Amino acid sequence: MHPLFFVRDALSRAVYKKISLILLAAGMLLFAIAGMLFCRMPEVYDHNAALCRRVAELLHADRKIAAYCFERLAERLIVLALITLSGVHRAGLFVTPAALAFRACILGGTVVVFVGSYGILGVLIVLALTLPTGLLNACLECLAAALAFERAGRFRVCGHDLRELCADFCLLAAGAAAVCLAETVLLFLLVRPIGSLF
């Protein structure tokens, strides 16, 4: 079977749930704004500041970029796996909006912390790295959520549905790996040279 079949199939099923897809994307935008507004709360700020420091350390070669990107890929695969598996039963769907809301809040808060703590350097990192990769990951997570919503009402433990579940996760994992590769390239070509100027 042609690999593009799985891509077309997943996209057609996600578009079938276009209302859910639009609502999930709008919800992520609202929670990203909420993350920006409430990122000064001590617990939230500390978490976002730690994420920002991980990137800042890369600018001065204190951490290896490949190791960082593998860590990020592992984190993303765990989130995508949780969202994908939430679609095996309607009762599990509460995981989906919770995961998306958390990820959106982190993205919004990280943007504010970068800009507030690192000034011009933070703005450049946000524009060159955080926003592009964050938006691509948000698209993958919305796609995973739409597929979970589409699957929840009809999933059966049988060969066809299990193959479809595995194919969806493999497709999402490939997308996450592509975003991780893009993040690695951006770190090498853009962000590290920017950091050397400051």
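Guide: What follows takes the helix pair and then the cysteines. The model is a predicted one. Two packed helices are described by the angle between their axes and the distance between those axes. Here the pair consists of helix H3, residues 42–59, and helix H5, residues 95–152. Their axes come within 9 Å and cross at roughly 45°. H3 is therefore oblique to H5, and the crossing of the two is right-handed.

On the H3 side, the residues that meet H5 are Tyr-45, His-47, Asn-48, Ala-49, Leu-51, Cys-52, Arg-53, Val-55, Ala-56 and Leu-59. On the H5 side, the partners are Phe-102, Ile-106, Gly-109, Thr-110, Val-113, Phe-114, Ser-117, Tyr-118, Leu-121, Ile-125 and Leu-129.

As for the cysteines, the count of disulfides in the model is 0. A disulfide requires two cysteine sulfur atoms within 2.5 Å. Because the sulfur of Cys-139 lies 6.8 Å from the closest cysteine sulfur, in Cys-142, the separation is too far for a bond. Cys-170 likewise is in no disulfide, and the nearest cysteine sulfur, that of Cys-166, is 6.4 Å away. With regard to the surface, Cys-139 is exposed, with a relative accessible area of 53%, and Cys-170 is exposed too, with a value of 51%.

Definitions and conventions
Residues are numbered from 1 along each chain as its sequence is written. This is a predicted model: local features need pLDDT of at least 70, side-chain atom pairs count only at pLDDT 80 or more; totals for chains, interfaces and linings use all residues. Side-chain values use heavy atoms; hydrogens and water are left out. Axes are lines fitted to C-alpha atoms, for helices over the stretch in contact, and angles run from 0 to 180 degrees between N-to-C directions. Helices (H or I, at least four residues) and strands (E, at least two) are DSSP runs, numbered from the N terminus. Angles under 35 degrees count as roughly parallel, over 145 as roughly antiparallel, 65 to 115 as roughly perpendicular and the rest as oblique. A crossing is left-handed if the near helix is turned anticlockwise from the far one by less than a right angle, and right-handed if clockwise. Contact means heavy atoms within 4.5 Å. Buried means under 20% relative accessible area, exposed over 50%, partly exposed in between (1.4 Å probe, protein chains only).
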